[in-house]
Amino acid sequence: MSANDTRDRVLDHSALNYDGYRNALTDQPLPAALVDMTLFEQNLRELLTRAGDLPLRIASKSVRCPALLRHALAFDDRCRGLMCFHMREACALAAMGFDDLLVAYPSCQPADVAAVCAAVANGASITLMVDCPAQVERIAAIAAEQGVVLPLCLDVDMSWHLPGLNFGVYRSPVRHVAAALAVYRVIAQSDAVRLEGVMGYEAQIAGLGDQVPGQALKNRLIRLLKRGSVPRLQALRGEVVAALREAGAPLRFVNGGGTGSLDSTRQDPAVTEVTAGSGLYAPTQFDHYRDLHYAPAALFALEVVRQPDAGRVTCLGGGYIASGGISPGKAPVPVWPRGLMLEPNEGAGEVQTPLRRKDPAATLPGIGDPVFFRHAKAGELCERFNHLLLIRDGRVVDTVDTYRGLGWQFV
Ligand SMILES: Cc1ncc(COP(=O)(O)O)c(C=O)c1O
């Protein structure tokens, strides 16, 4: 199956077609970002199904819009808590009334830790991530000074370290029980921190496509490694959790997973909750998984401003390249109207994005018409737009602030 076939199949999930989205945006200034709420909710139902009976924590970095985070949390009783990416973000969300905030990425900037202490003293539930004694000592010193007890979560590395290949990511150095206990001992020495959670994020399953067009052999290898990875990471997560409990850690939760791994994460007996976020918007990053079926809920629309020749149009804006390892898959993809592609030599440009016909039968949009694109990653789209237009039944039903629209910048 070619990349185009796969992508077209993904678009079959859409309730609206080009005319539907174009009509919905009549009178809206372009560029604009939109979320199709019918598809967002369809995706949330799918995530809940794949979470089995477990509570689903929403990954805020993959949404970056308080109104949609609130919508997801109110959608089902099993949607519980947020996985945040920054301490100041957690404080800002707590001030808006969000509860049960797990900051999943360690940092110990004194002013930020102090802000968390103040929020916790005020009744907020914010848990900070650690993976080494130095972080614990810094956080504990500030918490002691502020007279609060901060809940902590230990990040355990779920990667599979093979000779010459790290099948996973480089984040936590905690790779075995002894390392986990060593961090726990430092936590237990302080009255100002308490270990309440363990997180083991299997990035190599959750975030790695295994049906990428044009790499059949690599896909097979990735699927093989994914299958081999699951029992190993479950064994490690189970051993670490058991050892910490035995050592006296009052664990409240064990977190695992992401959009691409819920099917296996929910089967880990040690896991008490799963996390997902990207599946709500379903960016192109998630098009190429054999077993995932999420609908493209988030789009952005650019205006066609020029027609350089009979086979091409040029849009204003568009150079919203996703983070991570550099590859063509990090570029946005034009999806509506069908049959257009980026101009390979130029890609998605800083200010202008030329498109050409991929399908010779495609009708080119005219000057002033919108072209709808999908971003490669989920929350990053919101770093380019102040607002999201929420679409339901073919019309804009609300306009909501993104983090950027609120002036929030954390990383
Ligand atoms: C620690 C952690 N948990 C879970 C996720 C999964 O998030 P998503 O469902 O948005 O892929 C991520 C994403 O990078 C993560 O870093």
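Is Ala249 buried or exposed, and how many C-beta neighbours does it have inside 10 Å? Select Ala249 to find out. Ala249 counts as buried, because 22 C-beta neighbours lie inside 10 Å and the cut-off for burial is 20 or more. Keep in mind throughout that this is a predicted model.

**Stop 1: around Ala249**

Stay on Ala249. This residue sits in the loop between helix H10 (216-246) and strand E10 (253-256). Now show Tyr184, Leu195 and Leu244. These are the contacts of Ala249 once neighbours within four places in sequence are left aside.

**Stop 2**

Colour the protein chain by domain. Domain 1 takes 3-35 + 293-401, and domain 2 takes 64-276. Their C-alpha centres are 33 Å apart. Next, select the contact between them. Eight residues of domain 1 meet seven residues of domain 2 there. On the domain 1 side, pick out helix H1 (3-11) and strand E19 (395-401); each supplies at least two of the touching residues. You will find five nonpolar residues, two polar and one charged.

**Stop 3: helix H6**

Move to helix H6, residues 110-121. H6 has 12 residues and spans 16 Å from first C-alpha to last, close to the 16 Å expected at 1.5 Å a residue. Show the side chains of Asp112, Val113, Val116, Cys117, Ala119 and Val120. These residues of H6 are buried. Turn the view to look down the axis of H6. The buried residues fall within an arc of 165°, so they line one face of the helix.

Which exposed residues does the face turned away from the buried side of H6 carry? Select Pro110 and Ala111; both are exposed and sit on that face.

Now bring in what covers the buried residues of H6. The cover includes helix H5 (87-95), strand E5 (126-130), helix H7 (133-146) and strand E6 (150-155). Before leaving, step to Gly123, which follows H6. Its phi is positive, near 105°.

**Stop 4: the ligand**

Finish at the ligand. How many residues surround it? There are 15, and the closest are Ser62, Gly258, Thr259, Gly277 and Ser278. Highlight strand E11 (273-276) and helix H12 (278-281), the elements that give two or more residues to this shell. Then colour the shell by class. Seven of its residues are nonpolar, eight are polar and none is charged.

Methods
Residues are numbered from 1 along each chain as its sequence is written. This is a predicted model: local features need pLDDT of at least 70, side-chain atom pairs count only at pLDDT 80 or more; totals for chains, interfaces and linings use all residues. A residue is near a molecule or strand if its C-beta atom, placed from the backbone, lies within 6 Å of it. Helices (H or I, at least four residues) and strands (E, at least two) are DSSP runs, numbered from the N terminus. Ala, Val, Leu, Ile, Met, Phe, Trp, Tyr, Cys and Pro count as nonpolar, Asp, Glu, Lys and Arg as charged, and the others, Gly among them, as polar. Domain bounds come from an automatic or database domain assignment. Two residues are in contact if their C-beta atoms, placed from the backbone, lie within 7 Å. The expected span of a helix is 1.5 Å times one less than its number of residues. A residue is buried if 20 or more other C-beta atoms lie within 10 Å of its own, exposed if 12 or fewer, and partly exposed in between; C-beta atoms are placed from the backbone. The arc is that of the directions from the helix axis to the C-beta atoms.
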